[in-house]
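The structure is shown below.

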Amino acid sequence: MSARNEEKLGSSLEPSVQSRAATPPPANSILNFPTPTEFVELPSGGKYYPEGHPLHGVESVEIKIMTAKEEDILINESYLREGVAVEKLLKSVLIDRSLKLEDFLIGDKNAILFATRISGLGPHYGVNLGCGACGAKQEKTIDLREVEHKDCFYDNVDQTEKGTFITTLPTTGLNVEFKLLSGHEEKSIEETMKKRKKYKVEQERLLYMMELMVQSINGVEDRSQIRACLSRIPASDCRHLRKTYERVCPDVDINHEYSCSECGHTQEVIMPLTADFFWSK
């Protein structure tokens with residue numbers, strides 16, 4: 001814009017735009033309301049993140065309540081097709097943008113998932129449960145507010161200063177050091193299994209998961225040796241390692257006590273996390 005035109009208009013366009021952008025809404029604007037947020041307590045309490053990690057020692061994180069923006073994420077066809085809608089949703093509700101969803105331990109990520117679902121769709125979640133005794137199917141509504149953090153048990157396992165655990169395999173007697181899996185490993189497992197399925201390669205999901213978990217065996221940290229060892233240990237040792245991991249891994253408790261209305265049989269079942277968890281009818 002020429003100096004003569006600027007004189008006619010009184011000022012240049014750029015300062016005018018900057019001025020309008022910086023102008024706060026008037027006091028009586030409908031935009032003057034705080035965004036509702038809540039704090040989500042992390043099952044890990046921040047104890048299993050290494051020093052220097054942004055979540056080391058962090059006991060809770062702040063999230064915003066779901067809005068129309070997040071609902072749009074859930075129905076975005078591209079996100080649904082790629083299977084990333086829930087991941088995009090959780091990233092959107094985190095208040096601290098410096099935190100990456102992939103850095104959260106899986107159990108901590110699950111706690112954010114449940115809190116987000118409750119804030120967006122309410123606490124009531126309808127599921128179909130089957131009786132293990134008579135086979136009868138029953139529709140039941142679960143109150144997600146009653147879901148608590150699971151109890152962890154650390155007997156027969158040693159904890160290290162790095163936030164890892166060491167257990168002795170019962171059959172081979174090997175000392176295995178393992179870590180808790182985060183969103184990075186969870187994503188790696190899913191992407192690797194998809195690639196192996198595409199190219200019709202044996203998936204070996206459990207073996208790959210154990211590879212990601214295990215940090216050392218009898219002090220040996222070489223990845224090729226660890227993989228070779230894990231592929232050869234007896235199934236009893238594999239089950240011990242996985243069960244030990246489940247016992248020490250902080251998470252939300254999705255076990256639910258179910259009583260059959262047909263035969264009265266009572267059993268503990270794992271809450272099914274179906275598509276209706278977020279895409280409720």
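Cys 134 counts as partly exposed, because its relative accessibility is 42%. The model discussed here is predicted. Cys 134 is placed in the loop that runs between strand S3 (124-130) and strand S4 (137-143). Beyond its neighbours within four places in sequence, Cys 134 is in contact with Cys 260, Glu 262 and Cys 263. The C-alpha atoms of Cys 134 and Cys 263 lie 6.9 Å apart in space, while the two residues are 129 residues apart in sequence.

**Overall organisation**

The chain has ten helices and ten strands. Of its 281 residues, 36% count as buried. The accessible surface of the chain is about 17300 Å², and carbon and sulfur atoms account for 50% of that area. When contacts between residues at least 6 apart in sequence are considered, 58% of them join residues at least 24 apart.

In soluble globular proteins, nonpolar side chains tend to be buried together. In this model, the largest nonpolar core has 64 residues, and those with the most contacts inside it are Val 61, Phe 104, Ile 112, Leu 144, Leu 180, Leu 230 and Leu 241. Helix H6 (residues 106-121) gives the most to this core, contributing six residues. With neighbours within four places in sequence left aside, Ile 112 is in contact with Val 40, Val 61, Ile 63, Leu 90, Leu 94 and Phe 104.

Which residues of helix H5 (residues 85-93) are buried? They are Ala 85, Leu 89, Leu 90, Ser 92 and Val 93. Viewed down the axis of H5, these buried residues fall within an arc of 160°, so they line one face of the helix. The cover over the buried residues of H5 includes strand S2 (60-64), helix H3 (68-74), helix H4 (77-82) and H6.

In helix H8 (residues 205-213), the buried residues are Leu 207, Tyr 208, Met 210, Glu 211, Leu 212 and Met 213. The buried residues of H8 pack against strand S7 (175-178), H7, strand S8 (214-217), helix H9 (223-230) and helix H10 (235-248).

**Salt bridges**

The model contains eleven salt bridges.

| Pair | N to O distance |
|---|---|
| Glu 87 and Lys 91 | 3.4 Å |
| Glu 186 and Lys 109 | 2.9 Å |
| Arg 145 and Asp 143 | 2.9 Å |

Glu 87 and Lys 91 are separated by about one helical turn, because they stand four residues apart in helix H5. An α-helix has 3.6 residues a turn, so residues three or four places apart point the same way. Lys 91 counts as partly exposed, at 33% relative accessibility. Glu 87, Lys 91 and Glu 102 are linked in a network of salt bridges.

The side chains of Glu 186 and Lys 109 meet in a salt bridge of 2.9 Å, N to O. Glu 186 lies in helix H7 (residues 183-198) and Lys 109 in helix H6, so the pair ties together parts that are 77 residues apart in sequence. Glu 186 counts as partly exposed at 26% relative accessibility, whereas Lys 109 is buried, with a relative accessible area of 18%.

In the remaining tabulated pair, Arg 145 with Asp 143, Arg 145 is exposed, with a relative accessible area of 55%, whereas Asp 143 is buried, at 16%.

**Backbone and surface features**

Most residues other than glycine have a negative phi, and most peptide bonds are trans. Asn 156, which is not a glycine, has a positive phi of about 60°. Asn 156 lies in the loop between S4 and strand S5 (158-159), and Asn 156 is exposed, with a relative accessible area of 67%. Lys 200 also has a positive phi, near 55°. Lys 200 is placed in the loop between H7 and H8 and is exposed, with a relative accessible area of 80%.

Ile 75, Leu 80 and Trp 279 make a nonpolar surface patch of about 280 Å². Trp 279 is found in the segment after strand S10 (266-270) and counts as partly exposed, at 31% relative accessibility.

Methods: Residues are numbered from 1 along each chain as its sequence is written. This is a predicted model: local features need pLDDT of at least 70, side-chain atom pairs count only at pLDDT 80 or more; totals for chains, interfaces and linings use all residues. Side-chain values use heavy atoms; hydrogens and water are left out. Patches are made of residues with over 30% relative accessible area and no salt bridge: like charges are joined within 9 Å, nonpolar side chains (Val, Leu, Ile, Met, Phe, Trp, Tyr) within 5 Å. Accessible areas come from the Shrake-Rupley method with a 1.4 Å probe; for residues, only the protein chains shown count as cover. A salt bridge is a side-chain nitrogen of Lys or Arg within 4 Å of a carboxyl oxygen of Asp or Glu. Helices (H or I, at least four residues) and strands (E, at least two) are DSSP runs, numbered from the N terminus. Buried means under 20% relative accessible area, exposed over 50%, partly exposed in between (1.4 Å probe, protein chains only). A nonpolar core is a set of buried Ala, Val, Leu, Ile, Met, Phe, Trp, Tyr and Cys residues joined through side-chain atoms within 4.5 Å. Contact means heavy atoms within 4.5 Å. The arc is that of the directions from the helix axis to the C-beta atoms.
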